[in-house]
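User: I am new to reading protein structures. Could you walk me through some features, one at a time?

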Amino acid sequence: MDLSAISPTLLIASLMVAATPLLLAAIGELVVEKAGVLNLGVEGMMIVGAVCGFAVSVETGSPYLGILAAMAGGAILSMLFAFLTQFALANQVASGLALTLFGLGLSALMGQSYVGVKPPVMGKVDIPVLSDLPFVGHILFGHDIVLYMGLGLTAAVWAVLKYTRAGLVLRAVGENHEAAHALGYHVVRVRILAILFGGACAGLGGAYISLIRVPQWTEGMTAGIGWIALALVVFASWKPWRVLLGAYLFGGINVLQLNLQAAGIAIPVEYLAMSPYLITIIVLVILSADKSAAPASLGRPFHASN
Amino acid sequence: MKLTKLLATAAVAMGLATTAMAEKTKVGFIYVGPVGDGGWTYEHDQGRKAVVAEFGDQVETVYQENVPEGADAERAITQMALQGADLIFTTSFGYMDPTINVAKKFPNVKFEHATGYKTSDNVSIYSARFYEGRAIQGHIAGNMTESNIIGYIASFPIPEVIRGINSAYIHAKKVNPDVQFKIIWAYTWFDPAKEADAAKALIEQGADVILQHTDSTAPQAAAQAAGNVVTFGQASDMGEYAPFPRVSSIIDDWAPYYIARTKAVMDGTWETKSTWDGIGAGMVGIGEISDRVPADVKAEALAMKEALASGEYHAFTGPINKQDGTPWLAEGETADDGTLAGMSFYVEGIEGDVPN
């Protein structure tokens with residue numbers, strides 16, 4: 001056992017990277033669910049975002065255009081879901097599952113010519129003085145721009161939901177769509193916008209995996225992270241800061257357990273391997289002792305004629 | 001009236017189509033990852049394509065990707081048998097019990113399970129001696145490491161993976177007594193993000209050679225991003241990362257076996273058997289050793305490949321002790337297939353425990 005082999009700065013830096021795709025997808029899904037829509041297609045939107053972002057980055061040579069394309073790709077795919085559930089009033093669970101299957105297949109098809117291609121590198125944000133600070137400089141100021149977007153987005157979602165009129169309307173739609181409708185708000189419009197936002201966030205999360213975390217395109221490369229994002233939203237009681245905490249815990253413990261294994265620590269590997277799931281669930285269950293409930297209209301279809 | 005007529009025609013057409021299909025031999029494949037993983041499943045699918053190329057219209061192949069190991073596999077295999085498959089290849093270790101269970105229910109369907117050890121009247125097993133390739137990798141890795149730390153991304157603690165670790169370690173240690181293995185169990189065959197994280201953790205802790213027993217090319221990408229880190233292709237050539245970081249590879253070639261077994265089903269000569277072929281029979285290929293490997297090391301590696309192929313050299317040749325120091329193989333003794341097939345211990349010198 002040699003714990004000194006683990007460098008704390010590198011560890012914290014890589015746990016932030018590992019947590020970011022999960023955070024982005026989960027924060028998007030949180031907004032969708034707050035608007036009363038259950039979109040189980042997160043995995044599908046992530047993988048489509050991953051391939052769109054990758055393809056556009058490779059073709060244009062610009063990772064930033066790739067990021068935009070990933071958001072667009074995720075949002076476009078989510079439009080399909082929005083159409084099915086908001087206009088055709090299809091079952092949300094079935095539509096979401098279908099979206100995941102469709103996304104996985106579509107991305108495999110789109111990505112065929114990108115296997116083994118190396119994407120352009122995204123530069124790290126370099127803030128002159130801050131990045132050179134010892135210890136905190138590398139941890140806090142040496143990352144790529146998307147990682148900061150994830151943190152900024154969490155704060156923005158929290159502030160908008162809590163303090164703005166738009167956030168209030170969104171929550172009203174999610175809690176009681178009939179009342180919101182009676183007050184004259186466009187339930188369907190609000191929900192479609194929320195679904196598009198969720199799609200864009202999931203797409204961005206997917207592209208973070210294909211462009212920065214791995215970086216390469218491989219079929220099915222999101223490997224279930226979208227499902228974890230869905231679970232995380234529930235365990236975080238639909239609260240943005242808890243989603244952030246959960247994502248960092250999950251990503252962090254995952255990276256930590258890999259590092260502990262490499263350092264040969266004497267904890268049995270089986271326990272290490274299950275620890276990210278276990279610890280994240282325990283912490284968030286303890287936090288949710290305040291009995292925060294799901295949005296009351298979650299998963300229920302709405303039509304103005306009812 | 002019209003609708004009924006239409007339906008009747010459709011039913012007749014379908015009936016005809018089914019009869020036409022029944023003359024074909026239907027071969028099914030169950031895959032653990034996507035066919036585009038660039039590694040393990042990719043090579044099995046190349047084998048499937050070779051079957052199609054060989055027999056053309058006489059066969060029909062079906063496959064299912066991303067089938068989880070465990071209970072759900074049983075459902076997937078059953079479904080394939082119900083669809084009329086005559087021969088089903090289940091291509092991952094974790095399908096062993098599901099394959100045996102489904103085989104009991106379909107005595108007329110032939111099953112072939114990769115890398116397992118349970119057979120029955122209609123279940124054969126086949127695997128490749130990947131550990132022969134691991135010996136060559138270990139030799140190159142031991143020579144090329146400068147930090148003397150070799151990182152190993154392992155998947156599940158099953159004999160095949162443990163054999164690979166032991167074989168690589170023995171041959172790395174032989175050329176570099178100071179070598180140390182850092183092993184991470186990823187508990188997945190395919191999860192690019194996790195595989196990349198594991199590679200990064202190993203690199204951050206000083207490893208400058210990464211060996212992987214997981215299926216995606218993600219560790220190759222992580223090594224490439226890190227710079228001065230050597231990798232080897234796993235299951236497939238992964239040549240897109242050559243000449244560096246990927247300096248060589250173990251390539252699985254299932255095509256001849258799949259063609260032979262399909263032929264046996266067609267001819268009615270199929271029998272239960274247990275196949276375990278290595279470099280000599282061509283089931284394990286060694287990808288081109290790139291010029292980043294010093295010429296003398298490359299020559300030694302190629303000589304070892306020849307010796308392994310001819311059977312002149314065995315990758316597990318004594319003296320070898322088990323991890324706890326008890327003797328396993330005496331001087332000059334080679335391991336028997338039974339022990340290798342069930343290997344569940346590390347050899348002397350590897351740190352850490354094999355997970356249960």
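Analyst: We will go through ring pairs, charges over rings, helix packing, contacts and some backbone details. Keep in mind that this is a predicted model.

User: Where do B:Y31 and B:Y63 lie in chain B?

Analyst: B:Y31 is in the loop between strand 1 (25-30) and helix 2 (40-55) of chain B, while B:Y63 belongs to strand 2 (residues 59-64) of chain B. They are 32 residues apart in sequence, so the pair ties those parts together.

User: Is B:Y31 buried or exposed?

Analyst: Buried, because its relative accessibility is 0%.

User: Now another pair. What is the arrangement of the rings of B:Y126 and B:W254?

Analyst: Edge-to-face, because the planes stand at 80°.

User: Which residues do ring pairs link into a cluster?

Analyst: The cluster is made of B:F29, B:Y31, B:W40, B:Y63, B:F89, B:Y126, B:F130, B:W254, B:Y257 and B:Y258.

User: What about a charge and a ring? Which ring does the charged end of B:R129 sit over?

Analyst: The ring of B:W276, at 4.2 Å from its centre. A second case involves a lysine: B:K322 lies over the face of B:F345, 4.6 Å from the ring centre.

User: Next, helices. At what angle do helix 2 and helix 9 of chain B pack?

Analyst: Read the angle, then the distance. The angle is about 50°, and the axes are 8 Å apart. Therefore helix 2 and helix 9 of chain B count as oblique to each other. Their crossing is right-handed.

User: Which residues make the contact?

Analyst: Helix 2 of chain B brings B:H44, B:G47, B:R48, B:A50, B:V51, B:E54 and B:F55. Helix 9 of chain B brings B:A255, B:Y258, B:I259, B:T262, B:K263 and B:M266.

User: Now a single residue. Which residues does B:Q58 touch, not counting residues up to four places away in sequence?

Analyst: B:K24, B:T25 and B:M266. Look at B:T25: B:Q58 and B:T25 are 33 residues apart in sequence, yet 6.3 Å apart in space, C-alpha to C-alpha. B:Q58 is in the loop between helix 2 and strand 2 of chain B. Its relative accessibility is 48%, so B:Q58 counts as partly exposed.

User: On to the backbone. What kind of peptide bond joins B:A242 and B:P243?

Analyst: A cis bond, with omega about -5°. Another cis bond joins B:F244 and B:P245, where omega is about 10°. B:P243 is in the loop between strand 9 (230-233) and strand 10 of chain B. B:P245 is also in the loop between strand 9 and strand 10 of chain B.

User: What is the phi of B:N66?

Analyst: Positive, about 50°, although B:N66 is not a glycine. B:N66 lies in the loop between strand 2 and helix 3 (71-82) of chain B. Its relative accessible area is 44%, so B:N66 is partly exposed. B:A235 has a positive phi too, about 70°, and is not a glycine either. B:A235 is in the loop between strand 9 and strand 10 of chain B. With a relative accessible area of 1%, B:A235 is buried.

User: Let us end in chain A. Where is the place of A:S107?

Analyst: In helix 4 (residues 92-110) of chain A. A:S107 is buried, with a relative accessible area of 1%. Leaving aside neighbours within four places in sequence, A:S107 is in contact with A:I47, A:V48, A:V51 and A:W217.

Methods: Residues are numbered from 1 along each chain as its sequence is written. Chains are lettered from A and ligands numbered from 1 in the order in which they are written. This is a predicted model: local features need pLDDT of at least 70, side-chain atom pairs count only at pLDDT 80 or more; totals for chains, interfaces and linings use all residues. Side-chain values use heavy atoms; hydrogens and water are left out. Helices (H or I, at least four residues) and strands (E, at least two) are DSSP runs, numbered from the N terminus. Buried means under 20% relative accessible area, exposed over 50%, partly exposed in between (1.4 Å probe, protein chains only). Rings of Phe, Tyr and Trp (its six-membered ring) pair if their centres lie within 6.5 Å; planes under 30 degrees apart count as stacked, over 60 as edge-to-face and the rest as tilted. A charge sits over a ring if NZ of Lys or CZ of Arg is within 6 Å of the ring centre and within 35 degrees of the ring normal. Axes are lines fitted to C-alpha atoms, for helices over the stretch in contact, and angles run from 0 to 180 degrees between N-to-C directions. Angles under 35 degrees count as roughly parallel, over 145 as roughly antiparallel, 65 to 115 as roughly perpendicular and the rest as oblique. A crossing is left-handed if the near helix is turned anticlockwise from the far one by less than a right angle, and right-handed if clockwise. Contact means heavy atoms within 4.5 Å.
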